[in-house]
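Biologist: I would like to learn how to read a protein model. Could you walk me through this one?

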Amino acid sequence: MEIIRTYPHNSKLPPLSTAIGFYDGLHLAHQQVINSAVRSSYKSAVITFMNHPLSIIAPEIAPKLIVR
């Protein structure tokens, strides 16, 4: 697994099937999203956010985290 923490980066990436989301726990729905990326004919990648997007946009309605 290659972890790319910053953008832009210097490496050329092949075509990717990417699962993008806020993965604070890997419940069944998250597993389905990630598995669909893995099952594609491309290399797979997961992009996750450090904070839930609502914690920035509307912190008063942001969901509680499953895992910290």
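Modeller: Gladly! Let us start with a helix: His30 sits in helix α1, residues 28-38. Helices (H or I, at least four residues) and strands (E, at least two) are DSSP runs, numbered from the N terminus. Residues are numbered from 1 along each chain as its sequence is written, and side-chain values use heavy atoms, with hydrogens and water left out. This is a predicted model, where local features need pLDDT of at least 70, side-chain atom pairs count only at pLDDT 80 or more, and totals for chains, interfaces and linings use all residues.

Biologist: Is His30 buried or exposed?

Modeller: Buried means under 20% relative accessible area, exposed over 50%, and partly exposed in between (1.4 Å probe, protein chains only). His30 has 13% relative accessibility, so it counts as buried.

Biologist: Which residues is His30 in contact with, leaving aside neighbours within four places in sequence?

Modeller: Contact means heavy atoms within 4.5 Å. For His30, the partners are Phe22, Tyr23, Asp24 and Gly25.

Biologist: And where does Ala19 lie?

Modeller: Ala19 belongs to strand β1, residues 16-21. With a relative accessible area of 3%, Ala19 is buried too. Not counting residues up to four places away in sequence, Ala19 touches Val33, Ile34, Ala37, Ala45, Val46 and Ile47. The C-alpha atoms of Ala19 and Val46 are 4.8 Å apart, although 27 residues separate the two along the chain.

Biologist: What is the mean pLDDT of the protein?

Modeller: pLDDT is the predictor's confidence in each residue, from 0 to 100. Here the mean is 84, and 82% of residues reach 70 or more.
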